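Please study each task before reading its solution.

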Amino acid sequence: MTIARLIDGRSGDIVSCTATTSVREAVNLLAERRIGAMPVMDGSTVAGIFSERDVVYQLAAHGPAMLDKPVSAVMTAPAITVDPSTGVLDALGLMTRRRIRHLPVVQSGSLVGFVSIGDLVKYRIDHIVQEAEAMRIYIQSA
């Protein structure tokens with residue numbers, strides 16, 4: 001299965017911010033939407049990723065004054081991205097190797113989706129459950 005099939009049919013806009021958004025505003029958006037990260041956009045291009053980890057690291061290093069900085073000062077850049085044709089298992093392997101939890105999905109330079117490690121693990125578990133059920137049915141019919 002590809003990332004394109006995984007994100008196909010999703011409704012709603014991708015929550016994002018710009019590099020000039022204040023960290024305080026971005027943190028409020030993460031909290032309001034109950035999400036752990038979002039792409040930082042420069043037009044239709046992904047400039048970086050802003051995540052809970054960025055907030056924690058910057059708070060530890062600079063204290064609460066970091067909340068008044070622009071997101072560009074604290075985001076993780078450049079963003080590691082995948083394209084829609086990337087396989088789910090390949091994306092999961094990339095996330096594991098790079099120790100990241102979110103991937104922007106980019107096609108022809110533009111953001112077309114955003115996936116979390118939770119999305120990919122859910123797909124994997126659902127797939128394993130389906131395989132187990134098919135095996136159970138096969139064994140019962142033999």
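A residue is called buried under 20% relative accessible area, exposed over 50%, and partly exposed in between (1.4 Å probe, protein chains only). The model is predicted: local features need pLDDT of at least 70, side-chain atom pairs count only at pLDDT 80 or more, and totals for chains, interfaces and linings use all residues. Residues are numbered from 1 along each chain as its sequence is written, and side-chain values use heavy atoms, with hydrogens and water left out.

**Exercise 1.** Determine the strand order of the sheet and its edges.

*Solution.* Strands are DSSP runs (E, at least two residues), and helices likewise (H or I, at least four), numbered from the N terminus. Two strands pair if DSSP finds at least two bridges between them. The open sheet has three strands in the order β1-β2-β3, with mixed pairing. Its edge strands, β1 (17-18) and β3 (45-51), each pair on one side only.

**Exercise 2.** In which sense does β2 pair with β1, and in which with β3?

*Solution.* First, β2 (residues 37-42) and β1 are parallel, over two bridges; T18 has M41 as its bridge partner. Next, β2 and β3 run antiparallel and are joined by six bridges, where M38 is partnered by F50. Finally, these two strands form a hairpin with two residues between them, and G43 in the turn has a positive phi of about 70°.

**Exercise 3.** Explain why β2 is largely enclosed.

*Solution.* Five of the six residues of β2 are buried, so the rest of the structure largely encloses this strand.
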